[in-house]
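Let's take a walk through this structure together, one region at a time. Please keep the sequence at hand as you read.

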Amino acid sequence: MDITLTSLETEHSQLLSNKIATQIALEGGWIGFSRFMEMALYEPGMGYYSAGAHKLGAGGDFTTAPELSPLFGAAICSTLLPVLEGLKAQGLPTQILEFGAGTGKLAQSILMRLDALGFSLDRYDIIEISPDLAERQKELLTASLSNLKSTTQCNWLNALPDNYKGIILANEVIDAIPCDVIIFQDGFWYWYGVAYENEKFIWKAGNPVKQDLLPESLLAGNFSEDYVTELHTPANAWMHQVTQHLHIGLFLTFDYGFTENEYYHPQRHQGTLMAHHRHHAIQDPFYLPGLCDITTHVEWSQIARCALAQNADDVYLSNQAGYLLNAGIGDIALEIGNPENPKIFLPISNALQKLLSEAEMGELFKVFAFSKNIGHFLPGYSLEDLPGLGSRNRL
């Protein structure tokens with residue numbers, strides 16, 4: 001693909017490539033892919049999320065659901081409001097914490113919807129690792145809060161507090177957590193990492209993977225030679241930590257991915273890794289380090305098991321279309337739009353199409369949630385909705 005770069009962009013990517021190459025040399029000529037992905041995305045001052053590139057929206061590299069329409073955040077409030085009211089009834093602070101808040105559009109739409117419904121949220125906290133995105137969030141939310149009746153405080157935190165009581169949100173966060181890559185050769189699974197030869201990054205098989213690190217699906221499946229897929233140990237560890245820190249409340253996340261049977265399907269022989277640059281999908285994750293986003297689809301079955309292992313009450317998984325329709329997004333669209341005025345309603349209709357269509361975000365994107373110590377889960381949410389898990393006793 002032909003992409004025109006400025007001299008500063010070329011220099012930036014080359015400097016980060018040199019740093020990664022040096023790291024590979026220091027570690028004996030090979031690093032696991034999770035280390036490469038970590039440096040490409042999060043190396044201080046140089047990684048994709050740590051440097052000052054414009055990432056989101058029409059001029060960025062990708063567009064998320066909250067960027068498409070405030071309907072997304074407004075619909076989510078159908079889930080959030082009963083939990084917040086329950087916290088308030090117990091005399092607890094009403095608070096939401098969002099991981100990786102992008103430009104702040106999701107926070108803005110949630111705050112505006114709650115305010116319109118007459119609910120005054122105490123706190124909306126954000127954990128954001130990208131300095132430039134944090135600045136965009138502060139600018140947007142400072143202006144938004146001045147127009148609301150409620151006196152919500154917005155705060156930017158460095159870490160998730162212990163014994164958190166409230167709601168934790170994460171929109172397209174898990175897909176950006178570094179993953180490892182493995183390859184099936186001669187009947188065994190091997191780490192598939194990164195070497196640097198002839199001034200370019202290449203794939204290279206490493207040591208065998210210990211069997212206790214492999215999901216049962218990879219031990220029992222019938223895979224072709226050179227089948228490549230991902231292991232998500234860092235994402236699973238993050239899920240363990242989030243569930244452990246949430247004492248009372250709800251966790252809700254949106255991301256693209258599959259349950260294990262589909263994720264590790266024999267025909268998905270090249271894994272799910274992908275890079276994104278200026279709204280182009282790129283198969284090569286080594287392309288332009290520091291300038292491209294690198295993502296992997298989420299394997300939801302193991303994420304759910306991690307939550308249950310840390311005493312989540314119950315878990316829920318649905319496709320995005322089913323969830324948003326059940327949350328009343330259609331009624332909200334009619335409420336805030338005017339179907340008789342095409343100039344007003346056409347953008348709303350177009351956004352609904354992208355959010356709900358099977359060909360757009362409706363099927364591939366999933367909604368995962370779990371409750372913790374709130375006595376009962378929300379109506380319609382059940383462990384039975386998660387294919388392949390069955391009951392807790394079978395995990």
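This is a predicted model: local features need pLDDT of at least 70, side-chain atom pairs count only at pLDDT 80 or more; totals for chains, interfaces and linings use all residues.

Residues are numbered from 1 along each chain as its sequence is written, and side-chain values use heavy atoms, with hydrogens and water left out.

Helices (H or I, at least four residues) and strands (E, at least two) are DSSP runs, numbered from the N terminus. Buried means under 20% relative accessible area, exposed means over 50%, and partly exposed lies in between, with a 1.4 Å probe and protein chains only. Contact means heavy atoms within 4.5 Å.

Back to α2: 7 of its 10 residues are buried, so the helix is largely enclosed by the rest of the structure. Those buried residues are Phe33, Ser34, Phe36, Met37, Met39, Ala40 and Leu41. Take Ser34, which lies in this helix (residues 33-42). Its relative accessible area is 18%, so Ser34 counts as buried. Once neighbours within four places in sequence are left aside, Ser34 is in contact with Pro178, Cys179 and Asp180.

Now look at β5, β6 and β7, which belong to an open sheet of 4 strands in the order β7-β6-β5-β8, with antiparallel pairing. Two strands pair if DSSP finds at least two bridges between them. At the edges of this sheet are β7 (200-208) and β8 (227-231), each pairing on one side only. Neighbouring strands here are turned by 40 degrees against each other on average, direction ignored; axes are lines fitted to C-alpha atoms, for helices over the stretch in contact, and angles run from 0 to 180 degrees between N-to-C directions. Strands β5 (residues 180-185) and β6 (residues 188-197) run antiparallel and are joined by 4 bridges. Within that pair, Ile183 stands opposite Tyr190 in β6.

Which strands run parallel to β4? Strand β1 (residues 95-99) pairs with β4 in the parallel sense over 4 bridges, and 8 bridges join β4 to strand β9 (residues 246-258), again running parallel. Strand β4 (residues 164-171) has 7 of its 8 residues buried, so it is largely enclosed by the rest of the structure.

Strand β9 also holds His247. His247 has 34% relative accessibility and therefore counts as partly exposed. Although His247 and Asn163 are 84 residues apart in sequence, their C-alpha atoms are 4.7 Å apart in space. Asn163 is also among the contacts of His247 beyond four places in sequence, together with Tyr164, Lys165, Lys372 and Asn373.

Strand β9 turns up again around helix α10, whose buried residues pack against α8 (233-245), β9, α9 (260-263), β13 (298-299), β14 (314-319) and β15 (365-372). With 8 of the 10 residues of α10 (residues 300-309) buried, this helix is largely enclosed by the rest of the structure. The buried ones are Trp300, Ser301, Ile303, Ala304, Arg305, Cys306, Ala307 and Leu308.

Another open sheet has 3 strands in the order β11-β10-β12, with antiparallel pairing. Its edges are β11 (280-282) and β12 (293-295), each with a single partner strand, so one side of each is left without a neighbour in the sheet. On average, neighbouring strands of this sheet are turned by 30 degrees against each other, direction ignored. Strand β10 (residues 274-277) is joined to β11 by 3 bridges, and His277 stands opposite His280 in β11.
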